[in-house]
Amino acid sequence: VMLARGLRVLTAISTSVLSLSTSRVQSFSTANGASAAKTLTKMTTTKQPSGNWISINSDKSKAQLIRTSEIDWVGTSQAGGVYRKMIEREGTEKVARATTIVRFDPDQAFPRHTHAGGEEFLVLDGVWRDDYGAFPKYSYVRNYIGSGHTPSIGKEGCVILVKLRQMSLQSKDEPEHKAWGPHTFEGRRAADGVAEEKLFSSTLEQTAVQTWPANSSFDVTIPKHGAEIFVVDGSFSSELGEHDCWSWTRIPNEGDEDDKFHVTTGSDPVYVWIKMGHLASDEIGMESDG
């Protein structure tokens, strides 16, 4: 989130940023016969000179599993009490197409800022507060291109999964701001044990949250142009490995037919956020500044 303290931008990355160190690369075959790279990664802290281009896990054609439990929190250099785990990033220190977990310490206020490339986020812990209201855990929020807000963090603190500059100018009917949830799925179970709440949907992307039952094994449908899966609660396993809490997975599908991604859950139910059909979207990305 491009927050600022005074006139300084929160999303300016600290002088110490995370760079990618690939520990293992394999391949696996998807249901439709396609082959994708399997990359299990660890993040290490390295020094990056100011103004350098940063590229982390940014190839959308590659399947990747990122366990953020293996990434250290890194504080921002220009805003105290704000920490980050970078998942994917393409851009500079100040402006980037990015997917990031951001943690805010309690009792902080920030000046108003705008979103030149749009932002969407899912609240993972605590409560997010801004001009639009208060959003507890399991809330999903989209602030469209050109929108703005004035965030403030209360006594609970807050942790969010945020995606920046991944919206499209083609989504002209999308409102400046919209929020969904919180969806807790209490008392809800579909016949097959999977419960789903659809969130945003357009011709370019679809988002949803789901709960998966414990001790189960089944296929998740991956549509054309792929999907991302983020684990909010619980854990599961797949051909990519162990997906623990707050892990992120990209699953490309460059074919014309739906694909299948086989998952196995453990002793606890799993709560996931899924984004689908978007990896070829005409997004803002890094084509413009802001």
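This briefing describes the fold, the strand pairing and a few individual residues of one protein chain.

The model is predicted. Its secondary structure amounts to 27 strands and 0 helices, and 55% of the 290 residues in the protein chain are buried. Of the contacts between residues at least 6 apart in sequence, 73% link residues that are at least 24 apart. The chain exposes about 12,200 Å² of surface, with carbon and sulfur atoms supplying 48% of that area.

**An open four-stranded sheet**

- The strands β21, β26, β23 and β24 form an open sheet in the order β21-β26-β23-β24, and their pairing is antiparallel.
- Because β21 (217–222) and β24 (241–243) each have a single partner strand, they stand at the edges, and one side of each is left without a neighbour in the sheet.
- When direction is ignored, neighbouring strands of this sheet are turned against each other by 35° on average.
- Within this sheet, strand β23 (residues 236–238) is joined to β24 by 3 bridges, with the two strands running antiparallel, and S238 has G241 in β24 as its bridge partner.

**E90 in strand β8**

- E90 is placed in strand β8, which spans residues 82–91, and it counts as partly exposed because its relative accessibility is 23%, a value that lies between the 20% and 50% limits of that class.
- Although E90 and I54 are 36 residues apart along the chain, their C-alpha atoms are separated by 5.7 Å.
- Leaving aside residues up to four places away in sequence, E90 touches W53, I54, S55, S58, A96, R97 and M286.
- One of these neighbours, S58, is also joined to E90 through a side-chain polar contact of 2.6 Å.

**Q210 in strand β20**

- Q210 lies in strand β20, which comprises residues 206–212, and it is buried because its relative accessible area is 11%, under the 20% limit.
- The side chains of Q210 and W212 are joined by a polar contact of 2.8 Å.
- Beyond residues up to four places away in sequence, Q210 touches F185, V194, A195, E196, V270, Y271, V272 and I274.

**Cysteines**

- C158 counts as buried, because its relative accessibility is 3%, whereas C245, with a relative accessible area of 34%, is partly exposed.

How values were computed:
Residues are numbered from 1 along each chain as its sequence is written. This is a predicted model: local features need pLDDT of at least 70, side-chain atom pairs count only at pLDDT 80 or more; totals for chains, interfaces and linings use all residues. Side-chain values use heavy atoms; hydrogens and water are left out. Buried means under 20% relative accessible area, exposed over 50%, partly exposed in between (1.4 Å probe, protein chains only). Contact means heavy atoms within 4.5 Å. Accessible areas come from the Shrake-Rupley method with a 1.4 Å probe; for residues, only the protein chains shown count as cover. A polar contact is a pair of N or O atoms within 3.5 Å; within protein, one must be able to donate a hydrogen and the other to accept it, and residues adjacent in sequence count only if both atoms are side-chain atoms. Two strands pair if DSSP finds at least two bridges between them. Axes are lines fitted to C-alpha atoms, for helices over the stretch in contact, and angles run from 0 to 180 degrees between N-to-C directions.
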